[in-house]
Amino acid sequence: QVQLVESGGGLVQAGGSLRLSCAASGLAFRSYAMGWFRQAPGKEREFVASIDWSGGYTYYTDSVKGRFTISRDNAKNTVYLQMNSLKPEDTAVYYCAAGLSASRTGPYDHWGQGTQVTVSS
């Protein structure tokens, strides 16, 4: 079955960096767009970034533009989210997702279990 497994979360001070990874299995990874979403306590899940199947097109929510970079390695069936200049408001559970469209709204058919990112001030 399809599995998306996130890793790389943790506790970091404001201004620091983290790199999230999402390893995919059980799907034709090269055929899927990939997205990162996050959900902070008491808030709805929100779009963070997405990348098309080729890696040629990327999209970001305004609050992370210039700080986060999404990338993918189709040979490793893995998508990454490099997060720099982290802020306390970036604290959330981060989820990766796979879908046939790289748009903000997807639809995204498959989801990972999430990884916690905590940014201390």
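In which strand is the place of Ser21? Ser21 sits in strand S3, residues 18–25, where strands are DSSP runs of E of at least two residues, numbered from the N terminus. This is a predicted model, in which local features need pLDDT of at least 70 and side-chain atom pairs count only at pLDDT 80 or more, while totals for chains, interfaces and linings use all residues. Residues are numbered from 1 along each chain as its sequence is written, and side-chain values use heavy atoms, with hydrogens and water left out.

- Ser21 is buried at 18% relative accessible area (buried is under 20%, exposed over 50%, partly exposed in between; 1.4 Å probe, protein chains only).
- Beyond four places in sequence, contacts of Ser21 (heavy atoms within 4.5 Å) include Val5, Trp36 and Tyr80.

**Salt bridges**
- The structure holds four salt bridges (a side-chain nitrogen of Lys or Arg within 4 Å of a carboxyl oxygen of Asp or Glu).
- Arg38 and Asp90 pair at 3.0 Å, N to O; Arg38 is in strand S4 and Asp90 in the loop between S8 and S9, 52 residues apart.
- Asp90 also pairs with Arg67 at 2.8 Å, so parts 23 residues apart in sequence are tied together.
- Arg38 is buried at 5%, Asp90 at 1% and Arg67 at 10%.
- Arg38, Glu46, Arg67 and Asp90 are linked in a salt-bridge network.

Conventions:
Helices (H or I, at least four residues) and strands (E, at least two) are DSSP runs, numbered from the N terminus.
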